[in-house]
Amino acid sequence: MMTKRIFRAVLGISFVACLAGMSIAFTVLYSYFDGQLSKELKNEAEYLAVSLENYGTQVLEDLPESSERVTLIDTNGTVLFDNFFDPKTLDNHADREEIRQAMLTGSSKTVRNSDTFQKQTVYYALRLDDGKILRVSSTQYTIVAVMSGMVQPFLWITFSILMVVGLFAAHISHKIVEPLNQLDLEHPENNESYDELAPLLTKISWQQRTIREQLLAAKQKQEEFQMITDYMQEGLLLIDSGGEILSTNHSALKLLGVKPELQIFVGAHRENVLTLNRTEPFCRTVDAVLKGKRAETVLELDGSYYQMSANPVVTDGKVEGGVLLFVDITQQKQSETLRREFTANVSHELKTPLTSISGFAEIIKDGFVRPEDIPQFAGKIFEESQRLIALVGDIIKISQLDEDTLPYEKEAVDLYSLCQEIAKRLQSAAESKGIDFQVAGQSTIVSTVRKIADEVIYNLCDNAIKYNRPNGKVEVAVVGSSQKALVQVRDTGIGISAVDQRRVFERFYRVDKSHSKQIGGTGLGLSIVKHGAAYLGVQIGLESTEGLGSIFTLTWPRENDAPALEMKQD
Ligand code: ADP
């Protein structure tokens, strides 16, 4: 570009200079020759005049043949002599400009164009002493004619000059631009170029440094932001006013099911947020936020529930984009469902014994029962009431564990002596079924909440007796190591099938409903065990073979128990 401009400028200037030079030279030359001709005519007229005066008109007759026309005109304008034409054929010349002028002033010079513009005649008239006029004239080419004759050579010369100048200009322009082309803009200070460029190069260098610093700062900020957001469990998406994704974190991509190989930012191209999820609530929320409204919805993605909150980003009343936040509320949803189910189940479980009690009482009230049968009916009412009390007791326990706000403090508890205590309490129940109940192991101290640990182990032992065969066996083993403490409750009972093993810890789940009821089960025992264990941070294991028996294992971690152990030893 620059080379071209320099080339054109040099060529243009040369052309103009050429043109001007030639014109000036031509004009100077032409006026010089023009002046020369006039001078010659004048000189000749003056010589002739002297000769005429000295030697008479014979001089004219003796004039040598020449290119100049000599005319002698009488005072009245009659042509007396002409070396080109016969004077008789010539009309009176009194009206000719140069004659009139010469008559008045003594001499005159006139130029008249000939028939064509090609030639012009220059007349010089001189008044002789006797009043006659001597006129000498000569024809010459007009300036136009000379110029038109010179066009071709002029063009040739111009063309040749321009050719030479062109080569020269090309070379010069390349030479001027070359250092500019060779500038190393990556390292502006290292260039040795024109001095005039030094301030520019310094400025470029300074600007480059500023840009690098700014880029680095921006990159650092971006990395910090990405790091923070990537550690967030919540999904985060930033979109611009057109709905195109500006930034995301890992969680957002994961929960929206975007595969890592799917590039959502490719160069300047950014994916629209609606391509990530096309469900109606998602689109509606994005739509609302891009209109500047805050919006919330719940999305179901891959079996999990997410609360999607969308906040618009507004600057000067204009929506610039939006921030979309996704919070996993699956657990919340699940516990809500559980609670709903629990309430329904509780109502149902309470209703059955109450209906029985009400039924028996009604029969007695209406006098349909013989007096001798009343104790039996009263016994049934008592039984059902006991069930109700047990049920309500269990519900209270479960609710307390559920609340997670029990005010219990941990203490050093010897699991072995706790199990022995429980065995004592269950002794009569075991004996009534002819069950051999044994506690084995040794003193094992853990830091735990005694009341809840008691509840958990008691329930397991109670079940081991309840779901045992007559004359079966229950063995409680307490084992301790430096890392953990185990309480294992083994029975030789009916066992639990693999399918039921997964469900027995659910609230109100009973493998055989009528059998459980018959032996006074509420369906909440194992649920209390599960909640209690969770509260204590204890793991539950279950192994069981149908018809052979079950093994429930409680595992206490012991890393943090050292202070508790010391306490006990004191
Ligand atoms: P329930 O009050 O009916 O005993 P649980 O929650 O304690 O309720 O137990 C749930 C179900 O698990 C029981 O109905 C029973 O069928 C089964 N179960 C619990 N413990 C045992 C066991 N040791 N052996 C066999 N089945 C058991």
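A nitrogen atom of the ligand lies 2.9 Å from an N or O atom in the side chain of Asp 491. The model is a predicted one, and this distance, like the others here, is computed from it. The protein covers 98% of the accessible area that the ligand has on its own, which is 520 Å².

Where does the ligand sit? Its place is the largest pocket. Helix H11 (450-466), helix H14 (525-536) and strand S19 (549-557) are the elements that give two or more residues to the shell around the ligand. The largest share comes from H11, with 3 residues.

There are 21 residues around the ligand, and those that come nearest are Tyr 467, Ser 516, Thr 522, Gly 523 and Leu 526. Sorted by class, the shell holds 10 nonpolar, 8 polar and 3 charged residues.

Now consider the chain as a whole. It is divided into domain 1 (2-148), domain 2 (183-230), domain 3 (232-328), domain 4 (333-398) and domain 5 (408-557). Between the C-alpha centres of domain 1 and domain 3 the distance is 99 Å.

Notes. Residues are numbered from 1 along each chain as its sequence is written. This is a predicted model: local features need pLDDT of at least 70, side-chain atom pairs count only at pLDDT 80 or more; totals for chains, interfaces and linings use all residues. Side-chain values use heavy atoms; hydrogens and water are left out. Domain bounds come from an automatic or database domain assignment. A residue is near a molecule or strand if one of its heavy atoms lies within 4 Å of it. A polar contact is a pair of N or O atoms within 3.5 Å; within protein, one must be able to donate a hydrogen and the other to accept it, and residues adjacent in sequence count only if both atoms are side-chain atoms. Accessible areas come from the Shrake-Rupley method with a 1.4 Å probe; for residues, only the protein chains shown count as cover. On a 1 Å grid over the protein atoms alone, a cavity is a set of points where a 1.4 Å probe fits but cannot get out, and a pocket is an open set with protein on both sides within 12 Å along at least five of seven lines; lining residues have an atom within 4 Å of a point. A molecule sits in a cavity or pocket if more than half of its atoms lie within 2 Å of its grid points. Helices (H or I, at least four residues) and strands (E, at least two) are DSSP runs, numbered from the N terminus. Ala, Val, Leu, Ile, Met, Phe, Trp, Tyr, Cys and Pro count as nonpolar, Asp, Glu, Lys and Arg as charged, and the others, Gly among them, as polar.
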